[in-house]
Amino acid sequence: MKKEIEKLVLAKGFYNRPEDVPRKLLFAFIELGEASDAWKKGKSEEEIAEELIDVIFYVLDASRLACPSVNMDEMFLQKLRKNWKRSYQYGEGHRTKIR
Ligand SMILES: [Mg+2]
């Protein structure tokens, strides 16, 4: 997907320097907001999914510039395996504090 995104970025003249990584991550946050807004407004699943895909696009685009040698598909599986090893409700200790 990084390669496909790179083709699109080059064809469309989008930001493409390592210095643009923070900007791309900011855009990912903006797309998260759009996804949240679409959900809040009761938009269709397809519209919400499209905004979530925008997030993934920006994250992968940022990864293309920030960690170009990393295979994100492999990293995804590696992280999934790591998370499977975590305890039940790992990192959600705050639940007992909320009453
Ligand atoms: Mg969008």
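**Reading a predicted helical model**

Student: How many buried residues does helix 1 count among its 11 residues?
Tutor: Helices (H or I, at least four residues) and strands (E, at least two) are DSSP runs that are numbered from the N terminus. A residue is called buried if 20 or more other C-beta atoms lie within 10 Å of its own, exposed if 12 or fewer do, and partly exposed in between, with the C-beta atoms placed from the backbone. By this rule helix 1 is hardly covered, and the number of buried residues among its 11 is 0.

Student: In which helix is the confidence highest?
Tutor: This is a predicted model, in which local features need pLDDT of at least 70 and side-chain atom pairs count only at pLDDT 80 or more, while totals for chains, interfaces and linings use all residues. Residues are numbered from 1 along each chain as its sequence is written. The predictor's confidence in each residue, pLDDT, runs from 0 to 100, and its mean over the protein is 94, with 98% of the residues reaching 70 or more. Confidence is lowest in helix 1, at a mean of 94, and the highest mean, 98, belongs to residues 21–40, which form helix 2.

Student: What percentage of the 99 residues is buried?
Tutor: Along its principal axes, the C-alpha trace spans about 50 × 35 × 25 Å. With the C-beta count applied to the whole protein, the buried share of the 99 residues is 8%.

Student: At roughly what angle do the axes of helix 2 and helix 3 cross?
Tutor: Axes are lines fitted to C-alpha atoms, for helices over the stretch in contact, and the angles run from 0 to 180 degrees between N-to-C directions. Angles under 35 degrees count as roughly parallel, over 145 as roughly antiparallel, 65 to 115 as roughly perpendicular and the rest as oblique. The axes of helix 2 and helix 3 (residues 45–66) come within 8 Å, and they cross at roughly 170°. That makes helix 2 roughly antiparallel to helix 3, given a crossing angle of roughly 170°.

Student: How many nonpolar residues are in the contact of helix 2 with helix 3?
Tutor: Two residues are in contact if their C-beta atoms, placed from the backbone, lie within 7 Å, and the residues that make this contact include Leu25, Phe27 and Trp39 of helix 2 and Ile48, Leu52 and Tyr58 of helix 3. Ala, Val, Leu, Ile, Met, Phe, Trp, Tyr, Cys and Pro count as nonpolar, Asp, Glu, Lys and Arg as charged, and the others, Gly among them, as polar. The contact holds no polar and 7 charged residues, and its nonpolar residues number 16.

Student: How many charged residues are in the contact of helix 1 with helix 3?
Tutor: The axes of these two helices come within 9 Å and cross at roughly 90°, and the helices are therefore roughly perpendicular to each other. Lys2, Ile5, Glu6 and Val9 in helix 1 meet Phe57, Leu60, Asp61, Ser63 and Arg64 in helix 3. These residues divide into 4 nonpolar and 1 polar, while the charged ones number 4.

Student: Which residues does Lys43 touch, not counting residues up to four places away in sequence?
Tutor: Lys43 is found in the loop between helix 2 and helix 3, and it counts as partly exposed because it has 14 C-beta neighbours inside 10 Å. Once residues up to four places away are set aside, Lys43 touches Ala38 and Ile48.

Student: Near what value is the phi of Gln89?
Tutor: Gln89 lies in the segment after helix 4 (72–84), and it is exposed because 9 other C-beta atoms lie within 10 Å. Most residues other than glycine have a negative phi. In Gln89, a residue other than glycine, phi is positive, near 55°.
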